[in-house]
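Open the model in your viewer and keep the sequence panel beside it. The stops below go from one selection to the next.

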Amino acid sequence: MKVALTLRINGEARDVIAPVHKTLLEVLREDLGLTGTKHGCELGECGTCTVLVDGTPVLSCLTLPVEVQDREITTIEGLARGGELHPLQVAFTELGAAQCGYCTPGMLLAAKALLDRNPAPAREDVSAWLAGNLCRCTGYLKILEAVELAAARARGDAPQPTGDGGPPAARVPQRSGGAS
Amino acid sequence: MLRLPPFTYLAPRTLEQAVGQIGEAGPEGMLVAGGTDLYPNMKRRQFEPKVLVGLRGIRDLGRISGTPAQGLAIGACATLAQVASHPAVAEGYRALALAAGAVSTPPLRNMGTLGGNLCLDTRCNYYNQTYHWRKSIGFCMKKDGDICLVAPGSPRCWALSSTDAAPAAIALGARVRLVGAGGERVVSAADLYRDDGMRYLSKAPDEILVDVILPPADGWRSTYWKLRRRGSFDFPILGVAVALRSGPGGVIEDARIVLGAVASRPVVATRAAGLVMGQRLTADLIGRVAQAASEPAKPLDNADLTIGYRKRMARVYVERALRELAGLPYDGAPGGAR
Ligand SMILES: Cc1cc2nc3c(=O)[nH]c(=O)nc-3n(C[C@H](O)[C@H](O)[C@H](O)COP(=O)(O)OP(=O)(O)OC[C@H]3O[C@@H](n4cnc5c(N)ncnc54)[C@H](O)[C@@H]3O)c2cc1C
Ligand code: SF4
Ligand code: FES
Ligand code: FES
């Protein structure tokens, strides 16, 4: 059964004709050329395929496009604004929070959803919120620090990046609790 | 790639339409809500329905209404994230909030529903595998084969009830409303389950779970404890839900203790709960109750970690849950934390 759908992706209406049993992950990557969304376990067990639907993180490997037709879908391609990186992307780059980069799109989108809800998350809040995104390089500490740095900058609690390729930005002091 | 098998997708707007569509589809049809249990299973070819009837477009199924004083009705398509964070659930039905919040991961809780969780397929290390994996070991009777690979002489399947919400719902005295072509009926959450890893639900395949009805919460306190290897992602290998109603002077007037992931259905520890009736909770009594509650737990080698450990932890987790409710010091933490 093929269906003609209009999906709202990163603020644009995209028309697609695809079999109804193709997952959102498959349609994004194979029909729409949006390969920023990564394809990992395909079974809900890793989180790398995370996208936002109306601002909420969901797994595109277990979502059918037909189920999210009238909703606003955000993929990693929609995070930067007109060539300007999102503050989370800047912080991830500066602090080395992306190693191989495979988990990074999912991490960034999940983190964006967190900061949209809670501009001042404690370390435990960040790690609980990102508990559905596995990093096979296990660079979790840098990821948590980068999310905290982006949040602190958005609040005006940390200096903005210099952009001159100078020394990496200082880490934000931990707000509470320990690493996990 | 693990792709879904082909199917036709129907998106009814009303419950009546859904009942008609799933009835018409017959054995070829299946219901789907969040899809977080069904889609992985379909990708591994545990199920290949020709027709899917998607419930998430039916607005009424997503509602949570009522108060702890009157009782609460939670629509089957409320997501686990909604259930876990709803103030009335947290206030009156803490075990359910803890259980919903301990399921899998944050994005899965944004997708998975309470109804889907209660109807979750039973699990087994030999079953939750890809088609090729299962084929390479000759299949088992739950799907495509004819023997049980865990207990080869057994005439039945021992796959585990692995829903976090069911033990909590049963401990809280919940009932579920089912609607099918034959009309509507309300059954206790405990009666939704059968002790059979293959036919694990007592409802007909075309009956739709519409809502979960929780009785007034006055005087009840409850908790849920979950054992798993990691603090996220993992299904329970043991769930313990305890609900207590105490009267004047802390005397226990009613008690329910329910274990999850120790059998093909949630296990209600009736004898153990009986031991606390009319008593005050002391450390000594709690030790005896925990021992009695863990007796029905007979783990088989079909889930994570070892049988002996899981059996021992049944006693330990019932003890911790009761100590928590009694205000005594305890190790660990309720819910899915580690
Ligand atoms: C990586 C991973 C980890 C997980 N961990 C856990 C865990 O720790 N604990 C846990 O309990 N679950 C876990 N799950 C399973 C699942 O995510 C949840 O149980 C979820 O609540 C299922 O709900 P759903 O709406 O997605 O169900 P679906 O997949 O839509 O449906 C599940 C089953 O219920 C039936 N069904 C759904 N809704 C209804 C209804 N209203 N009436 C009648 N039948 C219905 C479907 O036909 C299907 O058979 C996990 C899943 C994954 C992929
Ligand atoms: S308990 Fe036996 S029959 Fe059931 S799924 Fe496991 S191996 Fe198969
Ligand atoms: S690819 Fe979707 S969770 Fe792993
Ligand atoms: S950076 Fe490699 S998986 Fe996370």
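This is a predicted model: local features need pLDDT of at least 70, side-chain atom pairs count only at pLDDT 80 or more; totals for chains, interfaces and linings use all residues.

Start by selecting Gly278(B), which touches Val251(B) and Ile252(B) when residues up to four places away in sequence are not counted; contact here means heavy atoms within 4.5 Å. Gly278(B) sits in the loop between α10 (270-276) and α11 (283-294) of chain B. Helices (H or I, at least four residues) and strands (E, at least two) are DSSP runs, numbered from the N terminus.

Residues are numbered from 1 along each chain as its sequence is written, chains are lettered from A and ligands numbered from 1 in the order in which they are written, and side-chain values use heavy atoms, with hydrogens and water left out.

**Four-stranded sheet, chain B**

Select β9 to β12 of chain B, an open sheet of four strands in the order β9-β10-β11-β12 with antiparallel pairing; two strands pair if DSSP finds at least two bridges between them. Its edge strands, each pairing on one side only, are β9 (220-227) and β12 (267-268) of chain B. Eight bridges join β9(B) to β10 (residues 238-246) of chain B, and Arg221(B) has Leu244(B) as its bridge partner in β10(B). Now show helix α12 (residues 307-326) of chain B, which lies across β9, β10 and β11 (252-260) of chain B and runs at about 150° to β9(B). Axes are lines fitted to C-alpha atoms, for helices over the stretch in contact, and angles run from 0 to 180 degrees between N-to-C directions.

**Five-stranded sheet, chain B**

Next select the open sheet with the order β4-β5-β8-β6-β7 (chain B), also antiparallel in its pairing. β4 (64-67) and β7 (183-188) of chain B are the edge strands, and the twist averages 20° from one strand to the next. Inside the sheet, β6 (residues 175-180) and β8 (residues 208-214) of chain B pair over five bridges, with Arg175(B) opposite Ile213(B) in β8(B). Helix α1 (residues 15-25) of chain B packs on this sheet, touching β6 and β8 of chain B, and makes about 135° with the direction of β8(B).

**Interface with chain A**

Show both chains. The contact takes 25 residues from chain B and 30 residues from chain A. About 2400 Å² is buried between them, 64% of it on carbon and sulfur atoms; buried area is the accessible area (1.4 Å probe) that two parts lose on being put together, summed over both. On the chain B side, Tyr9(B), Met111(B) and Phe233(B) lose the most area to chain A, together 22% of what that side buries.

How many salt bridges are there between chain B and chain A? The count is three, a salt bridge being a side-chain nitrogen of Lys or Arg within 4 Å of a carboxyl oxygen of Asp or Glu. Zoom in on Glu30(A) and Arg3(B), which form a salt bridge with the closest N and O atoms 2.9 Å apart.

**Hairpin, chain A**

Finish on β3 (residues 50-53) and β4 (residues 56-59) of chain A, antiparallel strands joined by four bridges. Val51(A) has Val58(A) as its bridge partner in β4(A). Two residues lie between the strands of this hairpin, where Asp54(A) takes a positive phi near 50°.
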